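User: I am new to this structure. Please walk me through it in short questions and answers.

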Amino acid sequence: MDFCTRIKQIRLSTGMTRKQFCAYFDIPYRTVTEWERGTRHAPPYVLKLLEYYVTHEGLVHSFPPEVIPDADDEETD
């Protein structure tokens, strides 16, 4: 699975919007947007840290991780 798909999958598994996810993890909105679009990539350890934190802090909701909405679901500020 590519990075942009996985980062979006992690965010969606929390039930958070992109804006909420960015605020919670203190990551700039533009950075997460570019990660999800595939125009920018974070180091692999960032993905692992996010996966670990989301899983071990109980942030995962009942959203099935294999279900990814269309890429057209861009959020607006």
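Predicted model: local features only at pLDDT ≥ 70, side-chain atom pairs only at ≥ 80, totals over all residues.

User: What percentage of the residues of the protein count as buried?

Analyst: A residue is buried when its relative accessible area is under 20%. The protein has 77 residues. The share that counts as buried is 36%.

User: Among contacts between residues at least 6 apart in sequence, what percentage join residues at least 24 apart?

Analyst: Start with the contacts in the protein between residues at least 6 apart in sequence. Then keep those that join residues at least 24 apart. Their share is 67%.

User: What does helix α1 reach from its first C-alpha to its last?

Analyst: Helix α1 covers residues 3-14, which is 12 residues. At 1.5 Å a residue, 16 Å is expected. The model comes close to that, at 17 Å.

User: Is α1 mostly covered or mostly uncovered?

Analyst: Of the 12 residues in α1, 10 are buried. Among them are Phe3, Cys4, Ile7 and Leu12. Their cover includes α2 (18-25), α3 (29-37) and α4 (44-56). So by the under 20% cut-off for burial, α1 is mostly covered.

User: Is Gln9 buried or exposed?

Analyst: Gln9 sits in helix α1. Its C-alpha lies 9.3 Å from that of Glu36, 27 residues apart along the chain. The relative accessible area of Gln9 is 7%, so Gln9 is buried.

User: How are α1 and α3 oriented to each other?

Analyst: Two packed helices are described by the angle and the distance between their axes. The axes of α1 and α3 come within 6 Å. They cross at roughly 125°. The two helices are therefore oblique.

User: Which residues of α3 do Phe3, Cys4, Ile7, Lys8 and Arg11 meet?

Analyst: Phe3, Cys4, Ile7, Lys8 and Arg11 belong to α1. Across from them in α3 are Trp35, Glu36 and Arg37.

User: Is Arg37 buried or exposed?

Analyst: Arg37 lies in helix α3. Its C-alpha is 6.2 Å from that of Cys4, 33 residues apart along the chain. Its relative accessibility is 54%, so Arg37 counts as exposed.

User: Which residues have the most contacts inside the largest nonpolar core?

Analyst: This core has 16 residues. The largest share, 4 residues, comes from α4. Those with the most contacts inside the core are Phe21, Phe25, Trp35 and Leu50.

User: Leaving aside neighbours within four places in sequence, which residues is Phe25 in contact with?

Analyst: Phe25 is one of the core residues with the most contacts inside it. Set aside its neighbours within four places in sequence. What remains is Leu50, Tyr53, Val54 and Leu59.

User: What is the relative accessible area of Cys22?

Analyst: Cys22 is found in helix α2. Leaving aside neighbours within four places in sequence, its contacts are Ile27, Pro28, Tyr29 and Val32. The C-alpha atoms of Cys22 and Val32 are separated by 7.2 Å. Cys22 is buried, with a relative accessible area of 5%.

User: What is the phi of Asp26?

Analyst: Most residues other than glycine have a negative phi. Asp26 lies in the loop between α2 and α3, and counts as exposed at 71% relative accessibility. Asp26 is not a glycine, yet its phi is positive, about 55°.

User: Which residue with a positive phi follows α3?

Analyst: α1 is followed by Gly15, whose phi is positive, near 80°. After α3 the phi is also positive, near 85°. The residue there is Gly38.

Methods: Residues numbered from 1 in each chain as written. Heavy atoms only, no water. Buried < 20%, exposed > 50% of the residue type's maximum accessible area, 1.4 Å probe, protein only. Contact = heavy atoms within 4.5 Å. Expected span 1.5 Å × (residues − 1). Core = buried A, V, L, I, M, F, W, Y, C linked by side-chain atoms within 4.5 Å. Axes fitted to C-alpha atoms, helices over the stretch in contact; angles between N-to-C directions. Parallel < 35°, antiparallel > 145°, perpendicular 65-115°, else oblique.
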